[in-house]
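Have a look at the sequence and the 3D view, then read on.

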Amino acid sequence: MAEQTMKLYTLEEMLDRHVGEHGTPERERFEYELRLDLLGETIREARKQRNLTQEELGKLVGVKKAQISKLENSLTDVRLETILKVFRALNARVSFSVELEP
């Protein structure tokens with residue numbers, strides 16, 4: 001009996017196939033939402049490490065608990081200034097990476 005082999009796909013190939021290729025509106029939207037999700041999760045984890053409730057963090061930042069919840073759950077577009085205030089309140093260092101595309 002012939003041996004069957006399984007075709008393996010890279011993550012990039014799967015994204016191209018199921019989300020859309022780089023540069024398409026679908027792929028751009030997916031990657032934007034993924035970055036927001038990662039940012040929200042980072043804020044949640046940092047807040048928990050500092051043993052703060054959403055309400056306590058909101059008070060430190062000067063926003064309501066609901067705003068912190070929306071940030072953590074990626075339910076809102078937020079100004080960069082607010083994100084920086086959140087990380088400052090969490091005593092976290094932030095660094096950005098900018099890459100120019102060809």
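Let's begin with the open space. The largest pocket is lined by 15 residues, and those nearest its centre are Arg35, Leu39, Ser95, Phe96 and Ser97. A pocket here is an open set of points on a 1 Å grid over the protein atoms alone, with protein on both sides within 12 Å along at least five of seven lines, and a lining residue has an atom within 4 Å of a point. The space in this largest pocket comes to about 490 Å³, where a volume is the space filled by probe spheres set on grid points joined across faces, edges and corners. Helix 2 and helix 5 are the elements that give two or more residues to the pocket's lining, and helix 2 gives the most, with six residues. Helices are DSSP runs (H or I, at least four residues), numbered from the N terminus.

Before going further, a word on the ground rules. This is a predicted model, so to speak of local features takes a pLDDT of at least 70 and side-chain atom pairs count only at pLDDT 80 or more, while totals for chains, interfaces and linings use all residues. How many cavities of 30 Å³ or more does a search of the whole structure find? The search finds one, a cavity being a set of grid points where a 1.4 Å probe fits but cannot get out. The volume of the largest cavity is about 50 Å³. Leu36, Leu39, Gly40, Ile43, Lys70, Leu71, Ser74, Thr76 and Val78 line this cavity. Helix 2 and helix 4 are the elements that give two or more residues to the lining, and the largest share, four residues, comes from helix 2.

Two of those cavity-lining names, Ile43 and Leu71, turn up again in the largest nonpolar core. That core has eleven residues in all: Ile43, Ala46, Leu52, Leu57, Val61, Ile68, Leu71, Ile83, Val86, Phe87 and Leu90. To be in such a core, residues must be buried Ala, Val, Leu, Ile, Met, Phe, Trp, Tyr or Cys, joined through side-chain atoms within 4.5 Å. Buried means under 20% relative accessible area, exposed means over 50%, and partly exposed is in between (1.4 Å probe, protein chains only). The elements giving two or more residues to the core are helix 2 (25–49), helix 3 (54–61), helix 4 (65–72) and helix 5 (80–89). Helix 5 provides the largest share, three residues. In soluble globular proteins, nonpolar side chains tend to be buried together.

Phe30, Leu34 and Leu38 make a nonpolar surface patch of about 260 Å². For a patch like this, residues need over 30% relative accessible area and no salt bridge, with nonpolar side chains (Val, Leu, Ile, Met, Phe, Trp, Tyr) joined within 5 Å. The areas come from the Shrake-Rupley method with a 1.4 Å probe. Phe30 is in helix 2 and counts as partly exposed because its relative accessibility is 31%.

Now for the charges. The structure holds nine salt bridges, each one a side-chain nitrogen of Lys or Arg within 4 Å of a carboxyl oxygen of Asp or Glu. Here are three of them:

| Pair | Closest N to O distance |
|---|---|
| Glu72 and Arg47 | 2.5 Å |
| Glu55 and Lys59 | 3.9 Å |

Arg27 counts as buried because its relative accessibility is 0%, whereas Asp16 is partly exposed, at 29%. Both belong to a network of salt bridges that links Glu12, Asp16, Arg27 and Glu31.

Glu72 and Arg47 form another salt bridge. Glu72 lies in helix 4 and Arg47 in helix 2, so their pairing ties together parts that are 25 residues apart in sequence. Buried or exposed? Both Glu72 and Arg47 are buried.

Glu55 and Lys59 also form a salt bridge. They are four residues apart in helix 3, so about one helical turn separates them. Glu55 is partly exposed, with a relative accessible area of 45%, and Lys59 is exposed, at 64%.

Ser74, one of the residues lining the largest cavity, is in the loop between helix 4 and helix 5. Its phi is near 55°, a positive value in a residue other than glycine. Asn91, in the segment after helix 5, is not a glycine either, yet has a positive phi of about 55°. Asn91 counts as exposed because its relative accessibility is 64%.

Terms used: Residues are numbered from 1 along each chain as its sequence is written. Side-chain values use heavy atoms; hydrogens and water are left out. Patches are made of residues with over 30% relative accessible area and no salt bridge: like charges are joined within 9 Å, nonpolar side chains (Val, Leu, Ile, Met, Phe, Trp, Tyr) within 5 Å.
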